[in-house]
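Please look through the model below, then follow the text from its confidence scores to its pockets, cavities and helices.

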Amino acid sequence: MNNPADHDLAAAVDSAAEQVETRETKAPRKRAASKRSRKRTIALPVLVVEETLLMPHMTIPYAIEDDESAMVIDRAMRMNPRQVLVLLERMVEGDPMLLDPPTGEPSPVGWTPDGSPGSPSWVLSSVGVIAEVGQRVSRPGSPPHVILQAVSRGIVTEIIQEEPYVVADVQRHDDSLPDSPDTEATMETVLEQLDHYVSLLPNVPEEAMAMVRSVEEPGWLADMIAFSPEFTSEQRQEILEELDPIQRLRQLSVMVQKRLNILNLRQQIASEAQAGMDRQQREYFLREQMRAIQKELGEGSPEESLAREMRDKIEACGMPDEVQAKALAQVERLEQQHPMSPEIGVIRTYLEWLTELPWNIETEDHLSLDTAAEVLAEDHYGLEKVKERIIEYIAVRKLAGDKLRAPIICFVGPPGVGKTSLGRSIARAIGRNYVRMSLGGVRDEAEIRGHRRTYVGAMPGRLIKAIRDAKSRNPVIVLDEIDKVGSDAFRGDPSSALLEVLDPEQNSTFSDHYLEVPFDLSKVMFITTANLLEPIPPALRDRMEIIEVSGYTEVEKLEIACNFLYPKALESHGLKEEQLSISRAAFQTLVREYTSESGVRSLEREVSALCRKVARVFAGENPPERIEIDADDVATYLGIPRFEFGLAEEEDAVGVATGAAYTSSGGDLLSIEVSVMEGKGELILTGQLGDVMRESARAAISYARTHSDALGIEAGHFDKNNIHIHIPAGAIPKDGPSAGITMATALISALSGRPIRKDVAMTGEITLRGRVLPIGGLREKTLAAHRGGIRTFILPKRNAKDVAELPEVVRADLQLVQVSTLDEVLEIALLDKPEAKRAKKSAGFETPKIAHARV
């Protein structure tokens with residue numbers, strides 16, 4: 001409104017009733033106040049403000065910046081006395097209720113545009129400040145100002161006009177309180193707090209404190225202090241709405257004390273920071289004085305002393321000439337650095353790494369063949385192929401001396417067969433230091449080659465750290481789980497970094513990114529371990545000498561349990577040989593019925609479990625003199641057996657053949673089932689079979705259809721029936737070609753009705769012509785068959801060269817039949833109808849415990 005209406009106060013009062021009636025329909029700005037009993041109320045125009053700016057007895061200039069304020073001031077200038085009510089407008093959420101300061105009764109203060117409570121509402125406070133309007137001042141380029149002189153508090157009893165500006169009935173409230181000791185004590189307390197508060201603030205004039213001390217009324221004192229800029233608008237309004245002077249002063253005292261606590265904390269923090277700065281400056285001056293004194297005495301500075309120390313270490317550690325030249329250049333850089341330069345720490349760390357490496361320190365090899373054989377026999381049972389290779393190395397080393405390069409050997413085998421511990425035994429046998437590096441899960445190339453020194457916190461790679469920890473340049477370093485090395489598109493491929501490390505032609509000048517100098521690794525004996533060869537990149541595999549460490553036979557496990565695991569468990573559990581005796585039959589029960597693995601980790605845990613049970617008995621009251629555990633007593637201590645020892649099938653059955661699988665945990669047996677039902681000639685394959693295994697099944701069906709007459713299968717049988725091939729343990733992925741003859745045998749058995757011998761297991765790839773092709777993992781598969789009680793094992797004839805590598809006990813107990821065609825397999829595995837009893841139904845079988853079998 002550019003031209004406000006010029007109506008007088010009487011006209012405003014007369015039109016108030018009409019505007020109150022239309023308040024809800026017009027949805028005006030949300031303002032309300034409590035209706036109160038009238039006690040000498042006066043109608044005053046309301047100057048609505050967004051912040052509490054004025055307190056009683058105070059004076060401020062007020063800028064007229066909007067039309068509503070201009071109308072209010074214009075109206076007040078024509079009144080006698082020229083007074084307005086300065087009232088705070090604030091926003092509240094939901095259904096706001098405001099307490100009536102004089103009565104304490106709640107009253108509604110606002111409404112929403114749609115008439116529903118719950119939305120944000122703008123409300124007017126019920127307590128404001130009555131102020132006299134003084135001189136009006138206008139200046140070019142700025143809005144006009146008026147001087148507002150606060151007189152007292154004003155309590156709104158009723159809103160009588162809302163448009164075009166607010167007019168309210170206001171009851172004036174003046175403080176009245178007789179003098180009392182409580183009043184004086186409260187005022188003195190607040191003044192003491194204020195003195196302390198002002199002492200913590202800079203540039204507070206003394207006149208301001210003198211004016212505050214001159215106030216004798218408690219309410220006035222509280223209003224004057226709350227008028228300070230240190231208080232927020234919310235705090236001023238809270239003080240303004242408190243009508244009791246003594247309570248108002250106490251409320252103000254709490255606010256001042258909170259501000260005092262904050263200022264004290266700030267001062268404490270600033271003092272501590274200043275003390276730290278003073279200490280640093282003092283140390284700097286002391287160092288400069290010390291430097292000057294040392295210069296006068298002819299002594300060097302701390303940096304010069306450090307440089308001399310580094311030079312002595314460089315001369316003593318026997319570095320190559322080119323490395324020594326680079327190290328001395330870094331020492332010169334160290335001398336030129338400022339004492340407070342952070343580069344000193346970086347250079348010093350680099351020089352310490354260079355001087356701590358064993359550049360010319362070697363351990364002398366033990367070249368006694370008999371001693372090495374004894375050490376290897378003490379730590380491991382069996383593993384003759386591995387021991388023979390180590391003895392051969394020692395023999396050649398004894399004859400050729402330094403002409404022989406250290407071998408790089410890779411032990412491949414299932415978990416728990418002793419691959420990692422072999423490295424420690426080899427180091428002990430030849431008298432070298434031993435370090436182990438686990439590569440499982442390594443995905444960053446910098447783990448091998450280190451970080452460049454341009455990065456903050458750069459460090460050498462794990463290989464250089466291993467050399468430093470070994471304290472010799474010719475240790476035995478075991479790179480464990482090399483087949484578990486990962487790769488990352490952003491952090492490089494660690495296996496590619498290992499190509500230089502494990503190449504005898506390159507590792508004599510291995511360069512770490514952090515050191516940036518060559519280090520000779522040709523004298524290091526690297527031993528790597530892996531569970532599978534397939535994940536290792538071909539280029540890396542080509543650099544290593546592969547030695548397969550197969551699973552243990554039952555006889556080997558019994559020897560390991562009796563001679564290695566049992567004495568170790570007795571010692572670790574605090575038992576003596578005269579207290580506990582475990583028979584060989586009990587160990588055999590543990591191997592057969594409580595473990596099913598290629599290694600001996602589970603067996604070691606079961607032996608430890610027996611010792612724990614016995615230790616509990618001896619630790620109790622009235623312990624026996626001796627406990628003897630036989631095969632029948634094992635279940636008493638360890639509970640029911642976890643595995644069943646024996647054949648995979650309990651009787652000869654139609655359509656069920658026993659195959660052998662090779663997994664990362666060793667070998668295992670699995671049953672292949674075939675069922676024929678009426679249908680349309682569909683082939684159903686279940687058991688989570690891979691593509692290669694599915695192709696083997698289709699090849700078996702093609703062979704059976706081609707030779708149906710010779711196999712005694714009716715013509716048209718394949719078109720009238722569906723064939724379902726299933727391999728149990730459906731949650732475990734399976735793949736590989738070596739189950740070909742097993743699926744073909746089970747298929748032909750189901751189609752011809754001839755049972756399959758339960759004591760026969762087989763492995764081999766099949767072709768469409770019925771040829772049996774060679775497979776891998778023969779040792780692990782035959783060991784699994786031997787553990788499962790199989791008597792006849794069918795294998796490809798072209799695997800005959802691998803039979804010599806099988807354990808002697810396996811060759812003695814298993815009848816190893818070599819075949820070249822599927823006809824030979826069927827002749828051995830299938831029983832003739834007249835000679836065999838028909839199996840009424842297939843026997844139950846145990847689900848094989850394998851992990852991602854490759855058959």
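pLDDT is the predictor's confidence in each residue, on a scale from 0 to 100, and a contact means heavy atoms within 4.5 Å. The structure shown is a predicted model. Over residues 834-855 the pLDDT stays under 50, and the model has 59 contacts for this stretch beyond four places in sequence. The chain as a whole averages a pLDDT of 80, with 86% of the residues scoring at least 70. Residues 95-118 have a pLDDT below 50, and that stretch makes 57 contacts in the model beyond near neighbours in sequence. Where pLDDT is low, the predicted coordinates should not be read in detail.

Next come the open spaces. The second largest pocket has a volume of about 710 Å³. Its lining consists of 27 residues, and those nearest the centre are Asp379, His380, Gly418, Ser421 and Val600. Two or more lining residues come from each of helix 13 (369-379), helix 15 (419-430), strand 15 (525-530), helix 20 (554-572) and helix 22 (601-619). Helix 15 gives the most, with six residues. By class, the lining of this pocket holds ten charged, nine nonpolar and eight polar residues.

The structure holds three cavities of 30 Å³ or more, and the largest cavity contains about 70 Å³ of space. Of the 13 residues lining the largest cavity, Thr52, Val86, Leu88, Gln237 and Leu240 are the closest to its centre. Strand 3 (83-94), strand 7 (127-137) and helix 8 (233-240) each supply at least two residues of the lining. Nine of the lining residues of the largest cavity are nonpolar, three are polar and one is charged.

Asp223 deserves a separate look. This residue sits in helix 7 (residues 218-226). Why does Asp223 count as buried? Its relative accessibility is 1%, and buried means under 20%. Leaving aside residues up to four places away in sequence, Asp223 touches Met55, Pro56, Arg153, Ile239 and Arg248.

Helix 24 covers residues 691-706, and at 1.5 Å a residue its 16 residues should span 22 Å; the end C-alpha atoms are 23 Å apart, so the two values agree. Which residues of helix 24 are buried? They are Met693, Ser696, Ala697, Ala699, Ala700, Ile701, Tyr703 and Ala704. An α-helix has 3.6 residues a turn, so residues three or four places apart point the same way.

Definitions and conventions: Residues are numbered from 1 along each chain as its sequence is written. This is a predicted model: local features need pLDDT of at least 70, side-chain atom pairs count only at pLDDT 80 or more; totals for chains, interfaces and linings use all residues. Side-chain values use heavy atoms; hydrogens and water are left out. On a 1 Å grid over the protein atoms alone, a cavity is a set of points where a 1.4 Å probe fits but cannot get out, and a pocket is an open set with protein on both sides within 12 Å along at least five of seven lines; lining residues have an atom within 4 Å of a point. Grid points are joined across faces, edges and corners, and a volume is the space filled by probe spheres set on the points. Helices (H or I, at least four residues) and strands (E, at least two) are DSSP runs, numbered from the N terminus. Ala, Val, Leu, Ile, Met, Phe, Trp, Tyr, Cys and Pro count as nonpolar, Asp, Glu, Lys and Arg as charged, and the others, Gly among them, as polar. The expected span of a helix is 1.5 Å times one less than its number of residues. Buried means under 20% relative accessible area, exposed over 50%, partly exposed in between (1.4 Å probe, protein chains only).
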